[in-house]
Amino acid sequence: MPSLPPPYQHYHLKYHSCLKPKKPPLSLPSSSSSQRKTSLSSSSQRKTSSSSSSARTMIVNTINNLFNNLMMINSNYKLQPSLDPKRALSNNFAPVDELPPTQCQVIQGSLPSCLDGAYIQPYHLFDGDAMLHCIRISQGQATFCSRCVKTYKYTIENTVGSPFVSRAFSSFSGPLAINNGFGLANASLSFLGDHLFAICEGDLPYAVRLTSNGDTETLGHYDFDEKLGMNMTAHPKKDPATDETFAFRYGPIPPFVTHFYFDASGEKQIDVHIAMAGRHPLFMHDFAITKKHTVSVDTQLNMYYTEMILRGDSLLHSDPTKASRIGVIPRCAKDSLQMRWFDVPGFNNIHAINEWDEEDGNVIILAPNILSIEQAFGKTELVPCLMEKVRIDLRTGIVSRHPISARNLDMG
């Protein structure tokens, strides 16, 4: 992995699908001068390569269509409203093309010459490929650029010319298990050890860099010297006082949840496996840290891999028989024996907003509670949220909840 340049400040991530339907296979550019010769021999080789590529594309698309048709025939598959292309890929969600670094015209006023950095507006569509929309400001000039993160999934699907890899939030639409990872790198950007990463919780982070002219480049998977062998959360938490970064991962096999952290230099520390109850793997998108504790929420959302593969169904479903609970563990715990669980019925959050320790030892978490968790990834406009302040008394075990706002402040 090449070293990354000094990071700029204030990065965010915007992402959605960059892949257009029925797109022809892309020919990969070559830097070799011998391959750019126009001799009869190289021309013949290109024709042969093009024919082979077309044949591979035809075979792959045939397998993919057959696989999806079999799922439709042998199941009661019904397209969820949030997955209907007429809804999911329209208006503000519509796919856009990449844009190379392009100078912006200043319409009014001027940009201070002291400004030197970059800003990327955050946005997301759950199953979309990552796109970085970057505004680079330097020497009184602004440059705008839009680039897709060149993940393995993005690269192979653009080469094939059609969707090919399974998508967790919608359905199992791909016939292959991808050993090189099928993550979208679309959920967030984060600095770890002064390196910039595009992260999706289903895969390893992708290292990216910002060039001096305002372009963004994908450097590839990063496994922290083989210490991170699996996925990690898309929302790691950095302590500004210690420069430590805390993270976790969840997955389809026990122990389901694992905590870990990175020291100030970016070195990954030991895994702490958290024993979880339940037959199905849980969905745990975000977590929280205070000065002393790590706080996790086990909501009513579970992952159903069998249904996704056999029926083409969505991976995520809510379990009405399951009681939500909050887990609190010391931030640098060495094992899971220090984890304490507190029942919080009906509390289902996707993200955490803020959290802290009070002087009396109570732990506070501020998070939007999704009141209709069964609609969380369906008709999102019908998902009411209630911002709640949850107080956990570690001494007595009593949990109290206080409504803060009825505005939809998550997934709105």
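The legends below describe close-up views of a predicted model of a single protein chain.

**Figure 1. Overview of the chain.** The chain contains four helices and 23 strands. Of its 412 residues, 47% are buried. Among contacts between residues at least 6 apart in sequence, 58% join residues at least 24 apart. The accessible surface comes to about 21,600 Å², and carbon and sulfur atoms account for 55% of this area.

Figure 2. In soluble globular proteins, nonpolar side chains tend to be buried together. The largest nonpolar core of this model has 27 residues, of which Tyr250, Val257, Ile274 and Phe283 touch the most other members. Two or more residues of this core come from each of strand E11 (245-250), strand E12 (257-262), strand E13 (272-274) and strand E16 (301-303). The greatest contribution is that of E11, with three residues. A second, separate core has 15 residues, including Ala288, Phe347, Ala352 and Val390.

**Figure 3. Surroundings of isoleucine 274.** Isoleucine 274 is one of the residues that touch the most other members of the largest nonpolar core. Leaving aside residues up to four places away in sequence, isoleucine 274 touches Pro255, Val257, His259, Ile329, Ser336, Met339 and Trp341. Among these neighbours, Val257 is itself listed with isoleucine 274 among the core residues that touch the most other members.

**Figure 4. Serine 336 and its neighbours.** Serine 336 is placed in the loop between E18 and strand E19 (340-343). Its relative accessibility is 23%, so serine 336 counts as partly exposed. With residues up to four places away in sequence not counted, serine 336 touches Val272, His273, Ile274, Ala275 and Ile329. A polar atom of the serine 336 side chain lies 3.3 Å from the backbone oxygen of histidine 273. Histidine 259 is 77 residues from serine 336 in sequence, yet their C-alpha atoms are 9.1 Å apart in space.

Figure 5. Lysine 322 is found in the loop that runs between strand E17 (316-318) and strand E18 (325-330). The relative accessible area of lysine 322 is 18%; because the limit for a buried residue is under 20%, lysine 322 counts as buried. Its side chain makes a polar contact of 2.7 Å with the side chain of aspartate 298. Beyond residues up to four places away in sequence, lysine 322 touches Leu282, Asp298, Thr299, Gln300, Leu301 and Asn302.

**Figure 6. An open four-stranded sheet.** Four strands form an open sheet in the order E6-E7-E8-E9, with antiparallel pairing. Strand E6 (188-192) and strand E9 (216-221) stand at the edges and each has a single partner strand, so one side of each is left without a neighbour in the sheet. From one strand to the next, the twist averages 35 degrees. E6 pairs with strand E7 (residues 195-199) in the antiparallel sense over five bridges. Serine 188 has isoleucine 199 of E7 as its bridge partner.

**Figure 7. Helix H3 and the residue that follows.** Helix H3 spans residues 152-160. Its buried residues are Lys153, Tyr154, Ile156, Glu157, Asn158 and Val160. An α-helix has 3.6 residues a turn, so residues three or four places apart point the same way. Just after H3, glycine 161 adopts a positive phi of about 95 degrees.

**Figure 8. Positive phi in two loop residues other than glycine.** Phenylalanine 224 lies in the loop between E9 and strand E10 (237-238). Although not a glycine, phenylalanine 224 has a positive phi of about 55 degrees. Phenylalanine 224 counts as buried, at 6% relative accessibility. Aspartate 243 is found in the loop between E10 and E11. Phi of aspartate 243 is also positive, near 65 degrees. With a relative accessible area of 37%, aspartate 243 is partly exposed.

Key: Residues numbered from 1 in each chain as written. Predicted model: local features only at pLDDT ≥ 70, side-chain atom pairs only at ≥ 80, totals over all residues. Heavy atoms only, no water. Buried < 20%, exposed > 50% of the residue type's maximum accessible area, 1.4 Å probe, protein only. Polar contact = N/O pair within 3.5 Å; in protein donor to acceptor, adjacent residues only side chain to side chain. Contact = heavy atoms within 4.5 Å. Pairing = 2+ DSSP bridges. Axes fitted to C-alpha atoms, helices over the stretch in contact; angles between N-to-C directions. Areas by Shrake-Rupley, 256 points an atom, 1.4 Å probe, with all protein chains shown as cover. Core = buried A, V, L, I, M, F, W, Y, C linked by side-chain atoms within 4.5 Å.
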